[in-house]
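Thank you for making time this morning.

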Amino acid sequence: EDCYVCGKVNKNLTRMLSNAVYMWENDPEFVKKVRNQKCICLEHLSLVLTAASKALIIAPLSVAFTAVS
């Protein structure tokens with residue numbers, strides 16, 4: 001059986017990542033905020049890039065995250 005808490009966390013994380021990808025494509029202010037970050041940890045960078053690759057926007061995101069790493 002699956003853990004109820006893990007299921008909820010993973011479901012919310014998936015939604016959050018989908019929202020981040022959507023905002024990247026549609027909200028210039030979000031892009032600006034991401035680009036102005038001092039750093040992004042590798043764990044979260046990996047999650048965002050994986051979500052972006054599923055949405056087929058990996059190239060623009062990888063360029064932006066390279067700028068903040």
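Predicted model: local features only at pLDDT ≥ 70, side-chain atom pairs only at ≥ 80, totals over all residues.

Residues are numbered from 1 along each chain as its sequence is written, and side-chain values use heavy atoms, with hydrogens and water left out.

The chain has four helices and zero strands, where helices (H or I, at least four residues) and strands (E, at least two) are DSSP runs numbered from the N terminus, and so the order of elements reads α-α-α-α from that end. Of the 69 residues in the chain, 22% are buried; buried means under 20% relative accessible area, exposed means over 50%, and partly exposed lies in between, with a 1.4 Å probe and protein chains only. If we take contacts (heavy atoms within 4.5 Å) between residues at least 6 apart in sequence, 59% of them join residues at least 24 apart.

Let us turn to helix α1, residues 4-26.

Helix α2 covers residues 28-35 and contains Val34, which counts as buried because its relative accessibility is 9%. The C-alpha atoms of Val34 and Trp24 are separated by 8.9 Å, although the two residues are ten apart along the chain.

Helix α3, residues 42-54, has 13 residues that should span 18 Å at 1.5 Å a residue, in agreement with the 18 Å between its end C-alpha atoms. Which residues of α3 are buried? They are Leu45, Val48, Ala51 and Ala52. Seen down the helix axis, these buried residues of α3 fall within an arc of 130°, so they line one face of the helix; the arc is that of the directions from the helix axis to the C-beta atoms. On the face turned away from that buried side, α3 carries the exposed residues Leu42, Glu43 and Lys54.

Finally, Ala55 sits in the loop between α3 and α4 (58-68), and it counts as partly exposed because its relative accessibility is 36%. Between Ala55 and Val21 there are 7.6 Å in space, C-alpha to C-alpha, although they are 34 residues apart in sequence.

Key
Expected span 1.5 Å × (residues − 1).
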